[in-house]
Amino acid sequence: MTAEAASKPKKICIIAYSGELEPTWASMIIASTAAAMDMEVSIFVTFWGFHALVKDRRRLPGQNWMQKMLSVMQRPGISHRKLSKMNFMGMGPWMMFQLAKKYNVSKPKDLLDMCQELGVKIYPCQMTMDLFGLKKEDLIDGLEDPVGAATMLQLATEADSTFFI
Amino acid sequence: MATQDIKLKVDASGLSCPLPILKATQGIKTLQSGELMEVVATDPGSVKDFAAWASSTGNALVEQDSANGKFRFVVRRK
């Protein structure tokens with residue numbers, strides 16, 4: 001390996017915007033693999049991406065009825081994501097997880113644990129937390145402090161590669 | 001290379017992307033610099049993936065072969 005690669009690790013930045021199962025899965029695969037390759041990984045989580053950051057067991061987060069309605073319509077938690085296509089009332093994700101088990105593909109939750117073990121930095125978007133009425137205690141442990149668009153843009157422009165998912 | 005030089009064996013058979021790489025990463029972190037790890041995988045994509053992983057991390061891919069649908073990698077921790 002070159003001296004340059006040794007002294008300066010590659011950086012990637014993922015903007016996790018979508019909340020469905022497949023994009024969440026893709027983000028987690030990219031982030032965990034990049035961290036395994038000794039890259040510095042930041043994930044900025046915004047809008048529907050927050051569905052993957054709320055604790056699996058947290059029901060109906062939100063401060064008012066509108067925010068709680070959003071949680072009713074889309075149960076948050078990384079293990080409860082719906083497919084963007086062919087969800088069929090939960091039948092689609094169920095089949096997807098059966099296939100994942102059969103072919104030894106790890107689930108988004110396991111990859112998220114791996115990301116945290118490998119030091120991936122996850123930045124929640126403060127604005128989305130306000131909009132959805134989310135508190136720090138609604139979210140999984142080990143996150144960075146919430147930040148805004150300016151920090152995300154700094155992370156993105158300083159990264160060698162940026163993904164908007 | 002003598003088999004006894006291998007400090008850690010990781011069996012990633014049957015596992016899909018990116019698990020062989022993630023298991024290898026977990027494994028190599030338990031070794032000291034210069035020690036050897038052997039990984040066996042069945043994922044055909046792992047052949048190129050291990051080369052990319054080694055080049056990115058600086059761990060040396062010192063041996064590589066395949067037989068009967070199994071891919072074997074020997075990695076030296078940097």
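Visitor: At roughly what angle do the axes of helix α2 (residues 21-36) of chain A and helix α5 (residues 108-117) of chain A cross?

Guide: This is a predicted model, in which local features need pLDDT of at least 70, side-chain atom pairs count only at pLDDT 80 or more, and totals for chains, interfaces and linings use all residues. Residues are numbered from 1 along each chain as its sequence is written, while chains are lettered from A and ligands numbered from 1 in the order in which they are written. Helices are DSSP runs of H or I with at least four residues, strands are runs of E with at least two, and both are numbered from the N terminus; axes are lines fitted to C-alpha atoms, for helices over the stretch in contact, with angles from 0 to 180 degrees between N-to-C directions. The axes of α2(A) and α5(A) come within 9 Å, and they cross at roughly 30°.

Visitor: How are α2(A) and α5(A) oriented to each other, roughly parallel or roughly antiparallel?

Guide: Angles under 35 degrees count as roughly parallel, over 145 as roughly antiparallel, 65 to 115 as roughly perpendicular and the rest as oblique. The crossing angle is roughly 30°, and α2(A) and α5(A) are therefore roughly parallel.

Visitor: What does the C-alpha trace of chain B span along its principal axes?

Guide: Chain B has 78 residues. Along the principal axes, its C-alpha trace spans about 30 × 25 × 15 Å.

Technical notes:
A residue is buried if 20 or more other C-beta atoms lie within 10 Å of its own, exposed if 12 or fewer, and partly exposed in between; C-beta atoms are placed from the backbone.
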